[in-house]
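Trainee: Please take me through this structure, one topic at a time. I would like to begin with packing.

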Amino acid sequence: MSSEEEQQHKESESLMDKITGHHDTKKKKDDSSSSSSSSSDSDDESSKISAMKNKAFRLFGREKPLHKVFGGGKPADLILWKDKKLSGGILGGVSVVWFLFEVLDYHLLTLVCHSLILSLAVLFLWSNASTFINKSPPKIPEVSIPEKPLLEIVSALRIEINQGLAAIRDIASGKDLKKFLSVIAGLWFVSIISNCYSFLTLVYILVVLLFTVPVAYDKYEDKIDPLAEKAWIEIKKQYAVLDAKVLCKIPRSIKELKEKKRV
């Protein structure tokens with residue numbers, strides 16, 4: 001009888017273990033399902049936050065990062081100071097050129113001649129003095145302009161020039177009077193600015209702005225965009241008032257003006 005009781009006791013213990021094991025696996029499944037649901041909820045929240053950021057106002061209505069707006073690659077790295085040494089070197093070199101021509105009143109041909117005289121004299125003396133001082137002569141590299149990059153640059157310039165000529169032809173044809181007046185006003189503004197500054201100074205100002213404004217905007221983007229949004233809304237309001245009072249009364253072409261006079 002004692003052996004039968006022990007066997008029954010063992011069977012009851014095994015049955016209890018199965019029940020508790022089943023309960024534990026069910027609890028684990030519930031925990032995993034709850035954790036997965038919480039992770040999915042957090043993923044949904046993060047996607048909503050990213051969508052809200054994408055829908056936020058961006059200057060000039062851009063949807064891509066600023067690095068891709070500038071075309072990516074090395075030009076964007078230079079403008080956004082990803083390579084600080086190269087960007088600083090270019091800006092410093094442009095500053096030196098502007099200082100020589102504008103402040104010291106150096107002339108381009110004079111600068112080129114003096115630079116060639118100095119470089120040729122140093123290389124000539126070094127080549128002849130190397131035999132007396134037992135040192136190797138300078139290795140002067142062979143410099144040549146490759147054909148393929150030059151043709152690509154010329155082709156790109158040709159496309160841009162043709163597009164500019166087509167735009168000038170379209171404006172001068174009298175199809176859009178508003179565009180004609182806006183271009184005339186822009187050219188008049190540029191002529192006023194050119195009377196105040198020389199061409200080299202204007203180019204230098206543009207280069208400085210190109211190397212300072214984008215990197216400052218990239219650094220303080222979250223602070224600048226809300227201010228730009230307020231300014232853009234105000235500009236739209238003022239433009240709507242101007243369009244209602246002035247621009248809508250301007251005919252789009254000479255033909256439309258003649259038709260209004262006939263009426």
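This is a predicted model: local features need pLDDT of at least 70, side-chain atom pairs count only at pLDDT 80 or more; totals for chains, interfaces and linings use all residues.

Trainee: Noted. What do the buried residues of H9 pack against?

Mentor: They pack against H8. The buried residues concerned are Glu221, Asp225 and Ala228.

Trainee: How many residues does H9 have, and how far does it reach?

Mentor: H9 covers residues 221–245, which is 25 residues. From first to last C-alpha it reaches 35 Å, close to the 36 Å expected at 1.5 Å a residue.

Trainee: Let us step back to the whole chain. How many helices and strands are there?

Mentor: The protein chain has 10 helices and 0 strands. Read from the N terminus, the order of elements is α-α-α-α-α-α-α-α-α-α.

Trainee: What share of the residues is buried?

Mentor: Of the 263 residues in the protein chain, 10% are buried. The accessible surface amounts to about 22100 Å², and carbon and sulfur atoms account for 66% of that area.

Trainee: And what share of the contacts joins residues 24 or more positions apart?

Mentor: Among contacts with a separation of 6 or more, such pairs make up 58%.

Trainee: Turning to annotation, which residues does the "transmembrane region" label cover?

Mentor: According to the unreviewed UniProt entry, the label covers residues 86–101 and 107–126. In the model, residues 86–101 are 100% helix and 0% strand, with end C-alpha atoms 23 Å apart. Residues 107–126 are 95% helix and 0% strand, and there the end C-alpha atoms lie 29 Å apart.

Trainee: Where does H4 run, and how far does it reach?

Mentor: H4 spans residues 84–103 and has 20 residues. The distance between its first and last C-alpha is 27 Å, close to the 28 Å expected at 1.5 Å a residue.

Trainee: Which residues of H4 are buried?

Mentor: They are Ser87, Leu91 and Phe101. Viewed down the axis of H4, these buried residues fall within an arc of 100 degrees, so they line one face of the helix.

Trainee: Why can residues a few places apart point the same way?

Mentor: An α-helix has 3.6 residues a turn, so residues three or four places apart point the same way.

Trainee: What do the buried residues of H4 pack against?

Mentor: Their partners are helix H3 (73–79), helix H5 (108–129) and helix H8 (199–219). The face of H4 turned away from the buried side carries the exposed residues Lys84 and Lys85.

Trainee: Which residues does Thr201 touch?

Mentor: Thr201, found in helix H8, touches Trp98 and Glu102, leaving aside residues up to four places away in sequence. Thr201 has a relative accessible area of 11% and is therefore buried, the cut-off being under 20%.

Trainee: Now H3. Is Ala76 buried or exposed?

Mentor: Ala76, which lies in helix H3, is buried because its relative accessibility is 0%. Ala76 touches His67 and Phe70, again not counting residues up to four places away in sequence. The C-alpha atoms of Ala76 and Pro214 are separated by 9.9 Å, although the two residues are 138 residues apart along the chain.

Trainee: On to the backbone. What is phi of Trp81, and where is that residue?

Mentor: Phi of Trp81 is near 60 degrees, a positive value in a residue other than glycine. Trp81 is in the loop between H3 and H4. At 23% relative accessibility, Trp81 counts as partly exposed.

Trainee: Which residue with positive phi follows H4?

Mentor: That residue is Asp105, with phi near 55 degrees. Asp105 lies in the loop between H4 and H5, and its relative accessibility of 55% makes it exposed.

Trainee: Finally, how many salt bridges does a search of the whole structure find?

Mentor: The search finds 1 salt bridge. The side chains of Asp170 and Lys179 form it, with an N to O distance of 3.7 Å.

Trainee: What is the accessibility of these two residues?

Mentor: Asp170 is partly exposed at 32% relative accessibility. Lys179 is also partly exposed, with a relative accessible area of 37%.

Conventions: Residues are numbered from 1 along each chain as its sequence is written. Side-chain values use heavy atoms; hydrogens and water are left out. A salt bridge is a side-chain nitrogen of Lys or Arg within 4 Å of a carboxyl oxygen of Asp or Glu. Buried means under 20% relative accessible area, exposed over 50%, partly exposed in between (1.4 Å probe, protein chains only). UniProt positions are given in the numbering used here, feature names are shortened, and annotations may be inferred rather than shown by experiment. Helices (H or I, at least four residues) and strands (E, at least two) are DSSP runs, numbered from the N terminus. Contact means heavy atoms within 4.5 Å. Accessible areas come from the Shrake-Rupley method with a 1.4 Å probe; for residues, only the protein chains shown count as cover. The expected span of a helix is 1.5 Å times one less than its number of residues. The arc is that of the directions from the helix axis to the C-beta atoms.
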